[in-house]
Amino acid sequence: MFFSILLFTHFQAAIIPILLGIKSTNNFKHLSKNELIPFGFIFLGLASISEMIDHTQTSWIYVDHSSFFNWLFYSFLSLGLTCLSISVIKNKFIQATNFCISLCSIISYFLFNKTIALIFQVIISIFLIMNWQRIFKDWLFILYPIFGIFFTTFFGTKLSISGDQFWHVLIGPSGTISVLTFYLVLKRSDKRFT
(Lines give C-alpha, C1' and ligand atoms only; values in the text may rest on other atoms or scores of the structure.)
Protein backbone atom coordinates (compact mmCIF):
# COMPACT_ATOMS: atom_id res chain seq x y z
CA MET A 1 0.00 0.00 0.00
CA PHE A 2 2.75 2.47 0.97
CA PHE A 3 4.64 1.74 -2.27
CA SER A 4 1.49 2.53 -4.30
CA ILE A 5 1.11 5.88 -2.53
CA LEU A 6 4.81 6.63 -3.05
CA LEU A 7 4.56 5.74 -6.74
CA PHE A 8 1.42 7.87 -7.16
CA THR A 9 3.01 10.93 -5.50
CA HIS A 10 5.98 10.68 -7.86
CA PHE A 11 3.83 10.04 -10.92
CA GLN A 12 1.60 13.06 -10.29
CA ALA A 13 4.73 15.21 -9.74
CA ALA A 14 5.85 14.21 -13.24
CA ILE A 15 2.60 14.27 -15.18
CA ILE A 16 1.05 17.51 -13.88
CA PRO A 17 3.95 19.79 -14.92
CA ILE A 18 4.12 18.14 -18.36
CA LEU A 19 0.36 18.61 -18.86
CA LEU A 20 0.66 22.24 -17.75
CA GLY A 21 3.52 22.68 -20.21
CA ILE A 22 1.39 21.35 -23.05
CA LYS A 23 -1.53 23.53 -21.92
CA SER A 24 0.77 26.59 -21.84
CA THR A 25 1.87 26.24 -25.46
CA ASN A 26 1.05 29.40 -27.45
CA ASN A 27 -0.43 31.05 -24.35
CA PHE A 28 0.56 34.00 -22.16
CA LYS A 29 1.45 36.19 -25.15
CA HIS A 30 1.64 39.24 -22.88
CA LEU A 31 4.99 37.96 -21.59
CA SER A 32 8.20 38.73 -23.44
CA LYS A 33 9.52 35.17 -23.69
CA ASN A 34 6.25 33.23 -23.40
CA GLU A 35 7.63 30.45 -25.63
CA LEU A 36 9.87 29.38 -22.71
CA ILE A 37 6.95 28.73 -20.34
CA PRO A 38 6.00 25.28 -21.75
CA PHE A 39 9.67 24.25 -21.59
CA GLY A 40 9.83 25.38 -17.97
CA PHE A 41 6.92 23.16 -16.97
CA ILE A 42 8.05 20.20 -19.09
CA PHE A 43 11.59 20.36 -17.66
CA LEU A 44 10.09 20.21 -14.14
CA GLY A 45 8.14 17.11 -15.18
CA LEU A 46 11.29 15.55 -16.66
CA ALA A 47 13.06 16.26 -13.36
CA SER A 48 10.45 14.14 -11.58
CA ILE A 49 10.75 11.37 -14.16
CA SER A 50 14.53 11.36 -13.67
CA GLU A 51 14.03 11.09 -9.93
CA MET A 52 11.65 8.17 -10.42
CA ILE A 53 14.21 6.34 -12.57
CA ASP A 54 16.87 7.06 -9.94
CA HIS A 55 14.62 5.55 -7.28
CA THR A 56 14.45 2.28 -9.22
CA GLN A 57 18.18 1.91 -8.48
CA THR A 58 17.53 2.15 -4.72
CA SER A 59 14.35 0.03 -4.48
CA TRP A 60 12.37 3.27 -4.06
CA ILE A 61 14.07 3.98 -0.75
CA TYR A 62 15.37 7.55 -0.61
CA VAL A 63 19.16 7.53 -0.56
CA ASP A 64 21.14 10.77 -0.49
CA HIS A 65 23.62 9.98 -3.24
CA SER A 66 25.02 11.18 -6.53
CA SER A 67 24.17 9.39 -9.74
CA PHE A 68 23.49 10.11 -13.40
CA PHE A 69 19.71 10.23 -12.90
CA ASN A 70 20.09 12.33 -9.75
CA TRP A 71 22.19 14.73 -11.85
CA LEU A 72 19.41 14.74 -14.49
CA PHE A 73 16.89 15.53 -11.76
CA TYR A 74 18.85 18.60 -10.63
CA SER A 75 19.66 19.60 -14.22
CA PHE A 76 16.03 19.52 -15.37
CA LEU A 77 14.95 21.29 -12.19
CA SER A 78 17.51 24.02 -12.84
CA LEU A 79 16.47 24.37 -16.49
CA GLY A 80 12.76 24.42 -15.62
CA LEU A 81 13.07 27.13 -12.99
CA THR A 82 15.38 29.14 -15.26
CA CYS A 83 12.97 28.97 -18.21
CA LEU A 84 10.10 30.12 -15.99
CA SER A 85 12.27 32.89 -14.53
CA ILE A 86 13.50 34.36 -17.81
CA SER A 87 10.15 33.96 -19.55
CA VAL A 88 8.88 37.09 -17.81
CA ILE A 89 11.84 39.46 -18.30
CA LYS A 90 13.04 41.48 -21.28
CA ASN A 91 16.53 42.40 -20.09
CA LYS A 92 18.96 40.27 -22.09
CA PHE A 93 21.74 40.63 -19.51
CA ILE A 94 19.50 39.28 -16.72
CA GLN A 95 18.33 36.48 -19.03
CA ALA A 96 21.94 35.54 -19.82
CA THR A 97 22.91 35.73 -16.14
CA ASN A 98 20.04 33.40 -15.19
CA PHE A 99 21.03 30.96 -17.91
CA CYS A 100 24.72 31.00 -16.86
CA ILE A 101 23.76 30.29 -13.24
CA SER A 102 21.69 27.35 -14.47
CA LEU A 103 24.67 26.01 -16.42
CA CYS A 104 26.87 26.46 -13.34
CA SER A 105 24.39 24.37 -11.34
CA ILE A 106 24.37 21.62 -13.98
CA ILE A 107 28.15 21.51 -14.41
CA SER A 108 29.07 21.89 -10.73
CA TYR A 109 27.15 18.74 -9.78
CA PHE A 110 29.82 16.62 -11.48
CA LEU A 111 32.82 18.91 -11.12
CA PHE A 112 32.37 19.45 -7.39
CA ASN A 113 29.35 17.91 -5.69
CA LYS A 114 25.62 18.13 -5.21
CA THR A 115 25.97 20.73 -2.43
CA ILE A 116 27.57 23.26 -4.78
CA ALA A 117 24.86 22.57 -7.36
CA LEU A 118 22.24 23.23 -4.67
CA ILE A 119 23.80 26.63 -3.91
CA PHE A 120 23.28 27.58 -7.55
CA GLN A 121 19.71 26.22 -7.33
CA VAL A 122 19.07 28.61 -4.43
CA ILE A 123 20.33 31.52 -6.53
CA ILE A 124 18.08 30.42 -9.42
CA SER A 125 15.09 30.36 -7.05
CA ILE A 126 15.94 33.83 -5.71
CA PHE A 127 16.07 35.21 -9.27
CA LEU A 128 12.77 33.49 -10.06
CA ILE A 129 11.04 34.94 -7.00
CA MET A 130 12.39 38.44 -7.71
CA ASN A 131 11.46 38.36 -11.40
CA TRP A 132 7.97 36.96 -10.92
CA GLN A 133 7.09 39.15 -7.95
CA ARG A 134 8.28 42.28 -9.78
CA ILE A 135 6.21 41.43 -12.88
CA PHE A 136 3.08 39.86 -11.43
CA LYS A 137 2.76 41.39 -7.95
CA ASP A 138 0.40 38.52 -7.11
CA TRP A 139 -0.06 37.49 -3.47
CA LEU A 140 -0.72 33.91 -4.62
CA PHE A 141 2.94 33.59 -5.63
CA ILE A 142 3.89 33.32 -1.92
CA LEU A 143 2.83 29.66 -2.23
CA TYR A 144 5.93 28.91 -4.36
CA PRO A 145 8.54 29.63 -1.68
CA ILE A 146 6.33 28.06 1.01
CA PHE A 147 5.71 24.76 -0.80
CA GLY A 148 8.44 24.64 -3.45
CA ILE A 149 11.30 25.68 -1.19
CA PHE A 150 10.42 25.59 2.52
CA PHE A 151 8.25 22.45 2.73
CA THR A 152 10.21 20.40 0.16
CA THR A 153 13.45 21.28 1.98
CA PHE A 154 11.90 20.57 5.37
CA PHE A 155 10.47 17.20 4.29
CA GLY A 156 13.71 16.29 2.49
CA THR A 157 15.78 17.14 5.57
CA LYS A 158 13.48 15.10 7.82
CA LEU A 159 13.76 12.20 5.36
CA SER A 160 17.57 12.42 5.23
CA ILE A 161 17.94 12.62 9.01
CA SER A 162 15.33 10.06 10.04
CA GLY A 163 15.27 7.71 7.06
CA ASP A 164 11.48 7.53 7.59
CA GLN A 165 10.00 7.14 4.10
CA PHE A 166 6.78 8.85 5.23
CA TRP A 167 8.52 12.19 4.54
CA HIS A 168 9.30 10.98 1.02
CA VAL A 169 5.57 10.86 0.22
CA LEU A 170 5.11 14.54 1.11
CA ILE A 171 7.85 16.00 -1.11
CA GLY A 172 6.15 15.37 -4.49
CA PRO A 173 2.80 16.96 -3.59
CA SER A 174 4.59 20.02 -2.15
CA GLY A 175 6.46 20.43 -5.42
CA THR A 176 3.23 20.01 -7.38
CA ILE A 177 1.54 22.77 -5.37
CA SER A 178 4.40 25.09 -6.30
CA VAL A 179 4.09 24.11 -9.99
CA LEU A 180 0.33 24.73 -9.88
CA THR A 181 1.08 28.09 -8.28
CA PHE A 182 3.20 29.07 -11.30
CA TYR A 183 0.37 28.17 -13.64
CA LEU A 184 -2.33 29.94 -11.59
CA VAL A 185 -0.24 33.12 -11.38
CA LEU A 186 0.25 32.99 -15.15
CA LYS A 187 -3.49 32.48 -15.74
CA ARG A 188 -4.38 35.35 -13.41
CA SER A 189 -1.86 37.61 -15.14
CA ASP A 190 -3.28 36.64 -18.53
CA LYS A 191 -6.63 38.11 -17.44
CA ARG A 192 -5.03 41.17 -15.90
CA PHE A 193 -2.72 42.09 -18.78
CA THR A 194 -5.16 41.44 -21.65
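Start by selecting Thr58: setting aside residues within four places in sequence, Thr58 touches Val63 and His65. You'll find Thr58 in the loop between H2 and H3. One thing to keep in mind as you click around: this is a predicted model.

Is Thr58 buried or exposed? Its relative accessible area is 16%, and buried means under 20%, so Thr58 counts as buried.

**Next stop: Lys158.** Jump to helix H6, residues 143-162, and pick out Lys158. With a relative accessible area of 35%, Lys158 is partly exposed. Show its contacts and, leaving out neighbours within four places in sequence, you get Gly163 and Trp167.

**Now a pair of helices.** Select residues 92-111, which are helix H4, and residues 114-136, which are helix H5. When two helices pack, we describe them by the angle between their axes and the distance between the axes. Here the axes come within 7 Å and cross at roughly 160 degrees. Angles over 145 degrees count as roughly antiparallel, so that is what H4 and H5 are to each other. The crossing of H4 and H5 is left-handed.

Want to see who is touching whom? On the H4 side, colour Ile94, Thr97, Asn98, Ile101, Ser102, Cys104, Ser105, Ser108 and Tyr109. On the H5 side, colour Lys114, Ile116, Ala117, Phe120, Gln121, Ile123, Ile124, Phe127 and Asn131. Sorted by class, this contact has ten nonpolar, seven polar and one charged residues.

**Last stop: the cores.** Which residues have the most contacts inside the largest nonpolar core? Select Phe41, Leu84, Trp132, Phe182 and Leu186 and you have them; the core itself has 26 residues. The elements giving two or more residues to this core are helix H2 (36-56), helix H3 (68-86), H5 and helix H7 (166-193). H7 gives the largest share, five residues.

Zoom in on Phe182 and look around. Not counting residues up to four places away in sequence, Phe182 touches Phe41, Leu44, Leu81, Leu84, Leu128, Trp132, Phe141 and Tyr144. You've already coloured Ala117, on the H5 side of the contact with H4.

Terms used
Residues are numbered from 1 along each chain as its sequence is written. This is a predicted model: local features need pLDDT of at least 70, side-chain atom pairs count only at pLDDT 80 or more; totals for chains, interfaces and linings use all residues. Side-chain values use heavy atoms; hydrogens and water are left out. Axes are lines fitted to C-alpha atoms, for helices over the stretch in contact, and angles run from 0 to 180 degrees between N-to-C directions. Helices (H or I, at least four residues) and strands (E, at least two) are DSSP runs, numbered from the N terminus. Angles under 35 degrees count as roughly parallel, over 145 as roughly antiparallel, 65 to 115 as roughly perpendicular and the rest as oblique. A crossing is left-handed if the near helix is turned anticlockwise from the far one by less than a right angle, and right-handed if clockwise. Contact means heavy atoms within 4.5 Å. Ala, Val, Leu, Ile, Met, Phe, Trp, Tyr, Cys and Pro count as nonpolar, Asp, Glu, Lys and Arg as charged, and the others, Gly among them, as polar. A nonpolar core is a set of buried Ala, Val, Leu, Ile, Met, Phe, Trp, Tyr and Cys residues joined through side-chain atoms within 4.5 Å. Buried means under 20% relative accessible area, exposed over 50%, partly exposed in between (1.4 Å probe, protein chains only).
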